[in-house]
Amino acid sequence: MKREILISKWLDNDLNDQDLEAFKNLEDYDDLVKLSNNVKAFKADDYNASEELDRALKTIRENTTTHWFKPAVRVAAILAVCFSLYYYTTTLDTTISTDVAQKTTIELPDASIVSLNAKTVLSYNKKSWKDERDVELNGEAFFKVAKGSSFNVKTTSGTVTVYGTQFNVKQRNHYFEVICYEGIVGVTYNSQLTKLKAGDSFLIIDGKLIAKEKEASSTPSWLNNESQFKSLPYKEVLSEFERQYKVTFKLENIDINQLFTGSFAHNNIDIALKSITLPLHLTFSKTNNTVILKRE
Amino acid sequence: MGKQLHDTICEESIFSSIFNKHSKDLHNFLYYKFGELLNPKDKVQEAFIKLWQNCSKISPDKAKSFLFTTANNLMLNEIAHQKVVLKHQQTKPKTYTNENPEFLMQEDEYMQKLQKALSNLTEAQRVAFLMNRIEGKRFKEIAELLNISTKAVEKRIYGALEKLRKDIKEL
């Protein structure tokens with residue numbers, strides 16, 4: 001019989017007497033037996049089935065008492081996540097922003113209406129609106145406030161408080177202007193309160209209070225796509241221009257603090273450029289989005 | 001239907017009988033495959049607890065393969081396939097009383113070679129071979145445990161034997 005078959009039979013404990021004789025006569029019989037005997041030393045650790053069963057049953061009994069607990073914890077966790085997500089999203093401030101050359105009008109939860117001029121960010125909280133009507137403003141906006149509790153417009157320069165009225169707030173770099181068109185507006189600037197009646201305005205440039213005459217119109221000019229200026233530094237005119245048209249100015253030999261009175265329209269850049277340069281005897285040249293201003 | 005309902009593993013007596021029937025084989029299988037470092041006893045416990053937790057979904061005749069697969073996976077989760085080195089009992093039954101030092105040294109050397117050769121086997125070879133040689137299981141029993149054919153078991157065991165002998169000679 002072939003050696004391989006003999007060994008296999010030996011391994012499977014399947015040798016009959018005749019096979020056993022043949023197997024014993026194999027030349028590597030001694031080697032095989034030695035290997036087989038020595039391998040036995042690698043026996044697995046003792047395993048006591050009944051002891052292990054007791055251990056398993058003990059664990060199972062401990063676990064079953066807490067079985068109901070696990071799903072309950074899961075449900076609670078999901079609810080907690082949902083609730084916090086809901087809470088987070090509802091208490092989040094609502095933010096509206098406009099880009100260069102963009103205007104928009106929105107309605108606040110109490111039907112007050114706010115028009116935003118170009119490059120302006122306005123945010124308010126829907127959740128706490130009932131308790132306090134607070135909006136944060138960075139830029140320029142016109143408010144038509146519905147009657148109700150006090151209405152606050154917070155800017156980095158100061159706070160404007162209203163009691164049902166129409167007013168315009170303009171807060172730009174070093175520039176803070178409030179014009180009241182109807183009703184009464186209170187302006188807190190450097191913790192000092194100033195009350196504005198219809199037609200009054202409040203203007204701060206570079207930290208200095210500037211007196212202005214009564215406002216005759218009933219709405220700010222920008223709502224009619226026009227920017228008006230009365231004795232304002234030329235730099236304010238230029239930065240407002242940059243906000244309405246996507247352009248940047250390059251100035252050559254020009255006094256930016258010179259006072260300017262006039263206006264420009266928001267819908268035609270060529271006419272608008274003429275209206276801000278001609279009165280000051282300036283010339284302009286326009287390439288792409290850059291406008292170079294020169295003295296004549 | 002009624003009979004099947006009765007025959008669930010959720011019954012503690014049935015669970016216990018399954019435990020008594022398979023736990024030792026499962027333990028030895030894990031031991032020979034992965035060594036003792038990874039606590040084969042604990043993995044057996046875990047596998048049976050998992051069986052209990054899923055008792056309503058598993059019929060008793062599927063329990064064995066569930067246990068072997070689960071325990072195997074539990075082990076695989078823990079190891080990054082490091083080499084398995086089985087330890088051998090230090091207190092080897094002494095058959096000769098008048099062993100001379102040289103013979104003892106040779107014996108010791110042989111055991112070390114054997115240990116190394118065993119760790120060089122594939123997991124499948126080692127499990128089948130040691131179950132056969134140490135636990136005295138016949139090919140058919142091993143085939144049933146591992147869910148493979150008798151022929152495959154024979155091939156593994158014979159292959160393991162040949163490889164061991166070759167390794168021991170070379171080492």
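Is Asn253(A) buried or exposed, judging by the C-beta neighbours inside 10 Å? Asn253(A) has 8 of them, so it counts as exposed, given that the cut-off for exposed is 12 or fewer. Keep in mind that this is a predicted model.

## Asn253(A) and its backbone

There's something else to look at here: Asn253(A) isn't a glycine, yet its phi is positive, at about 65°. You'll find Asn253(A) in chain A, in the loop that links strand S15 (248-252) to strand S16 (259-265).

## Asn147(B), another positive phi

Over in chain B, Asn147(B) also isn't a glycine, and its phi is positive too, near 60°. This one sits in a loop between two helices of chain B, H7 (139-146) and H8 (150-170). Inside 10 Å, Asn147(B) has 10 C-beta neighbours, so Asn147(B) counts as exposed.

## Where H2(B) meets H6(B)

Now for a helix pair in chain B. Helix H2 (residues 12-34) and helix H6 (residues 123-133) have axes that come within 8 Å and cross at roughly 130°. The crossing of H2(B) with H6(B) is right-handed.

Which residues make the contact? From H2(B) come Asn28(B), Phe29(B), Tyr32(B) and Lys33(B), while H6(B) brings Glu123(B), Arg126(B), Val127(B), Leu130(B) and Met131(B). Sorted by type, the residues of this H2(B)–H6(B) contact are five nonpolar, three charged and one polar.

How values were computed. Residues are numbered from 1 along each chain as its sequence is written. Chains are lettered from A and ligands numbered from 1 in the order in which they are written. This is a predicted model: local features need pLDDT of at least 70, side-chain atom pairs count only at pLDDT 80 or more; totals for chains, interfaces and linings use all residues. Helices (H or I, at least four residues) and strands (E, at least two) are DSSP runs, numbered from the N terminus. A residue is buried if 20 or more other C-beta atoms lie within 10 Å of its own, exposed if 12 or fewer, and partly exposed in between; C-beta atoms are placed from the backbone. Axes are lines fitted to C-alpha atoms, for helices over the stretch in contact, and angles run from 0 to 180 degrees between N-to-C directions. A crossing is left-handed if the near helix is turned anticlockwise from the far one by less than a right angle, and right-handed if clockwise. Two residues are in contact if their C-beta atoms, placed from the backbone, lie within 7 Å. Ala, Val, Leu, Ile, Met, Phe, Trp, Tyr, Cys and Pro count as nonpolar, Asp, Glu, Lys and Arg as charged, and the others, Gly among them, as polar.
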